[in-house]
Amino acid sequence: MCDIDLGLYFSYPLSSRFLIGSKLLAGRRTNANFTLNSISRINPAIFDRQKVSQEAYDQFYKADVDYYIQQEGLSVQEMLQSTFIDEEFLHIRKSSTFKLGTGLSLAYRYKENAALRLYCDYDFASPRLTYDLKNSWADEEGNREVRSYSKRTPMHNFTFGASIAFMF
């Protein structure tokens, strides 16, 4: 993510050595396109009928197990020892949104032109993110169904930190 802000900064001397500061910013937050991969293993507990009933196995797991046995040519034992990588499992599209930010700081001037500063900043943005979920099986031609979801995602970011500020 990349944030670009413009706004007002305020600083008020509490004494010859201490200053309190604040800011109020408005800007844009842009996130890049990015893709997540999935790495998974089959849990052996799905074959234990004391933990997973036959009805639950048939409803939730049987199709996946049959796929690996038939398509990949794996035995159940080989399947349990294998790791499966699903590339491009989830893709989040590029977006841009308005953002607001504010913050408080306390600075201690230890030299004429230098100060130690403690700060707390808060930023808020609510981008509409579009998620392309590719978690379905490939068909005979290798194509996968992509389901897209778009959702406004509130982002509250707090930053606490310390810095050395050079003052002019």
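Mentor: Two strands pair if DSSP finds at least two bridges between them, and strands themselves are DSSP runs (E, at least two residues), numbered from the N terminus. The model is predicted: local features need pLDDT of at least 70, side-chain atom pairs count only at pLDDT 80 or more, and totals for chains, interfaces and linings use all residues. Residues are numbered from 1 along each chain as its sequence is written, and side-chain values use heavy atoms, with hydrogens and water left out.

The open sheet is formed by four strands in the order S3-S4-S7-S8, with antiparallel pairing. Its edges are strand S3 (34–40) and strand S8 (147–152); each has a single partner strand, so one side of each is left without a neighbour in the sheet. On average, neighbouring strands of this sheet are turned by 25° against each other, direction ignored; the axes behind this angle are lines fitted to C-alpha atoms, and angles run from 0 to 180 degrees between N-to-C directions.

In general, strands of a sheet pair through backbone hydrogen bonds, either parallel or antiparallel. Here, S3 and strand S4 (residues 84–92) run antiparallel and are joined by six bridges. Within this pairing, Ser38 has Asp86 in S4 as its bridge partner.

Other strands contribute to a nonpolar patch: strand S1 (2–13), strand S2 (18–31), strand S5 (95–111) and strand S9 (155–166) each supply at least two of its residues. S5 provides the largest share, three residues.
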